[in-house]
Structure formats: structure tokens, C-alpha cells
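Please look at the sequence and the 3D structure below, and keep both in view while reading the report that follows.

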Amino acid sequence: MKIRRSTPQDIPMIMKLINEAKVYFKKQGIDQWQDGYPNEESIYQDILLKQSYLLEHHHDIIGTFCLSYALETVYEAIEE
């Protein structure tokens, strides 16, 4: 397996993975990512900031993630 930075050409495959995750989350009753985020624009911005990565196995993209050190205020008040 290999981790590499994403490129704009990877956006269609990244969105495919994200949309599959959205369907899974919804089936599990998880409301994360049900409001249109992440979308192509947010992925593109992550790529420009060099924060978007892919996990490849035998040249197939099997995962994606954003590695950011920016503070997300939404996580400051997590309860339960």
C-alpha cells in the first residue's frame, strides 16, 4: 500500500469514495456528511493546501483523507 498526495485529477475517484461513505453513514443512522459536505470544491481546496491524500493498493485508490492542523471549532464542544 502507498499513501500519496491527491491531485485535481483524483477528484472524481475521491468523490466516488465519499459518496459511498455518505450512503453507508445514512444507512447506519449517522448524519455526518448528509448536508452536501464534503463536495468537489472542498476537496479541491484541500488539494491546493496539500492536505488531501489517497491510499492506494496495486494502483487502485481504496481510501482518502484530509490531514489538516487547522482548528475545527465544531469539535470544541463535543458531548457524549
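A salt bridge is a side-chain nitrogen of Lys or Arg within 4 Å of a carboxyl oxygen of Asp or Glu. The structure shown here is a predicted model, in which local features need pLDDT of at least 70 and side-chain atom pairs count only at pLDDT 80 or more, while totals for chains, interfaces and linings use all residues. Residues are numbered from 1 along each chain as its sequence is written, and side-chain values use heavy atoms, with hydrogens and water left out.

**Overall layout**

The protein has two helices and three strands, where helices (H or I, at least four residues) and strands (E, at least two) are DSSP runs numbered from the N terminus. Read from the N terminus, these elements follow the order β-α-α-β-β, and the C-alpha trace spans about 40 × 30 × 25 Å along its principal axes. Of the 80 residues, 26% are buried, a word that stands for under 20% relative accessible area, with exposed meaning over 50% and partly exposed lying in between (1.4 Å probe, protein chains only).

**Salt bridges**

Side chains of opposite charge can pair when their charged atoms come close.

Glu-56 is buried, with a relative accessible area of 10%. Because Glu-56 lies in strand 2 and Arg-4 in strand 1, their pair ties together parts of the chain that are 52 residues apart in sequence. Arg-4 is partly exposed at 21% relative accessible area, and Lys-2, in strand 1 (residues 2-5), is partly exposed at 46%. Lys-16 and Glu-20 are four residues apart in helix 1, so about one helical turn separates them. Salt bridges with shared partners join Lys-2, Arg-4, Asp-10 and Glu-56 into one network.

**The largest pocket**

Rolling a probe the size of a water molecule over the atoms shows where empty space is left. A pocket is found on a 1 Å grid over the protein atoms alone, as an open set of points where a 1.4 Å probe fits, with protein on both sides within 12 Å along at least five of seven lines, and its lining residues have an atom within 4 Å of a point. The largest pocket holds about 650 Å³ of space, and among its 21 lining residues the closest to its centre are Trp-33, Tyr-37, Pro-38, Cys-66 and Tyr-75. Helix 1 (11-27), helix 2 (40-48) and strand 3 are the elements that give two or more residues to this lining, and helix 1 provides the largest share, four residues.

**Backbone features in the loops**

Most residues other than glycine have a negative phi, and most peptide bonds are trans. Which kind of peptide bond runs from Tyr-37 to Pro-38, cis or trans? This bond is cis, with omega near -5°, and Pro-38 is placed in the loop between helix 1 and helix 2. Trp-33 also lies in the loop between helix 1 and helix 2, and has a positive phi of about 70° although it is not a glycine. At 25% relative accessibility, Trp-33 counts as partly exposed. Lys-50, in the loop between helix 2 and strand 2 (52-57), likewise has a positive phi, near 60°.

Key: Points joined across faces, edges and corners; volume = space filled by probe spheres on them.
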